[in-house]
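This report describes one protein chain for a reader who has not seen it before. The sequence and the structure come first, and the description follows.

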Amino acid sequence: MKIKAYITLFMTALLMAACSYIDEDERLIYVKPAPVERCVLIEDFTGQRCVNCPNAAEEIEKLIEQYGDAIIAVSIHSGPLGFHTNARFYGLSTDIGDDYYNHWNLEYQPVGLIDRGAPVEYTAWGALIREELQKTAPVEIGLNVSLDDDFKLSIRTEVKGVDGDTQGKLQLWIVEDNITAFQMMPGNIRNDDYTHRHVFRAAVNGQWGEDVEVQEGYTVSNNHLITLSDEWKVENLSVIAFVYNNSGVLQVTKTKLLNDDEVEQ
């Protein structure tokens, strides 16, 4: 009886070993991440003293209406037609905005960069955006924000590689909507109650962002903290995150600091 018992145990162990054996080539099967649709970044270099810049702003709203959240715009007030605050008027230009304007060797306004391509007039933005939207993004960006009672904003980004290994820069910007300030209009008429949208306010992680390197299938996380200016209206603020390299912007995303329910409260 004992011999039979030993034989039974041996056969059972042998069968279990046979069932659990997996060929070495089949043990690890890599599943490529699903493709990610690309969003498009418009960097609109504008100015309050630019009489044609409202036309570019109208074009941005048309593109957003057409493509929805796939279009993310930033109005960078800068250059010779930009305006810094003085004793009489509120200005929207920033020193960093001027640095961007000079870095790209821009010579007129309005002018824009579509996913960090060559500078082009606003009448050509639509065609370039259609081309960019046909592409997939090599990275996916997760963006979460939280605001404390002291107006300190915490930002967490998660950059996931979805198509090859990526090296570039991660850039975080603060933008504000619905700012009422003067704007020169076509016909050289000043509108003191003009509503400015997508206005660049600050760079969270440096003027040119920070290095980011991510392998396909892996995620790189970063945390940042910024104290908001008293001049900014929290209900109108958003954070924009994008990854770029020498080939242009690879992906961009945007999130509001407060959702609609929080604003209503």
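## A histidine in a strand

In which strand is His 196 found? His 196 is found in strand β10; strands (E, at least two residues) and helices (H or I, at least four) are DSSP runs, numbered from the N terminus. The model is predicted, so local features need pLDDT of at least 70 and side-chain atom pairs count only at pLDDT 80 or more, while totals for chains, interfaces and linings use all residues. Residues are numbered from 1 along each chain as its sequence is written, and side-chain values use heavy atoms, with hydrogens and water left out.

His 196 has a relative accessible area of 3% and is buried (buried is under 20% relative accessible area, exposed over 50%, partly exposed in between, with a 1.4 Å probe and protein chains only). Beyond its neighbours within four places in sequence, His 196 is in contact (heavy atoms within 4.5 Å) with residues including Gln 48, His 77, Leu 92 and Asp 177. A polar atom of the His 196 side chain lies 3.3 Å from the backbone oxygen of Ala 181. Pro 54 is 142 residues from His 196 along the chain, and the C-alpha atoms of the two are separated by 9.2 Å.

## The contact partner His 77

One of the contacts of His 196 is His 77, whose place is in strand β3 (residues 71-77). His 77 counts as buried, at 3% relative accessibility. Apart from its neighbours within four places in sequence, the contacts of His 77 include Thr 46, Gly 47, Gln 48, Leu 92 and Val 199. Gln 48 and Leu 92 are also among the contacts of His 196.

Strand β10 (residues 189-196) runs antiparallel to β9, and 6 bridges join them (two strands pair if DSSP finds at least two bridges between them). Thr 180 has Thr 195 of β10 as its bridge partner. The two strands form a hairpin with 3 residues between them, and Gly 187 in the turn has a positive phi of about 90 degrees.

Strand β9 covers residues 179-185; 5 of its 7 residues are buried, so the strand is largely enclosed by the rest of the structure.

## A three-stranded sheet

Another group of 3 strands forms an open sheet in the order β6-β7-β13, with antiparallel pairing. Its edge strands are β6 (139-147) and β13 (219-227), each of which pairs on one side only. From one strand to the next the twist averages 15 degrees.

Strand β7 (residues 152-161) pairs with β13 over 9 bridges. Val 159 has Val 220 of β13 as its bridge partner.

## Two crossing helices

Helix α3 (residues 53-67) and helix α5 (residues 125-133) have axes that come within 11 Å and cross at roughly 35 degrees (axes are lines fitted to C-alpha atoms, for helices over the stretch in contact, and angles run from 0 to 180 degrees between N-to-C directions). On the α3 side the contact is made by Ala 56, Glu 59, Ile 60, Leu 63 and Tyr 67, and on the α5 side by Trp 125, Gly 126, Ile 129, Arg 130 and Leu 133.

## The protein as a whole

The protein has 6 helices and 15 strands. Of its 265 residues, 43% are buried. Among contacts with a separation of 6 or more, 70% are between residues 24 or more positions apart.

Terms used:
Polar contact = N/O pair within 3.5 Å; in protein donor to acceptor, adjacent residues only side chain to side chain.
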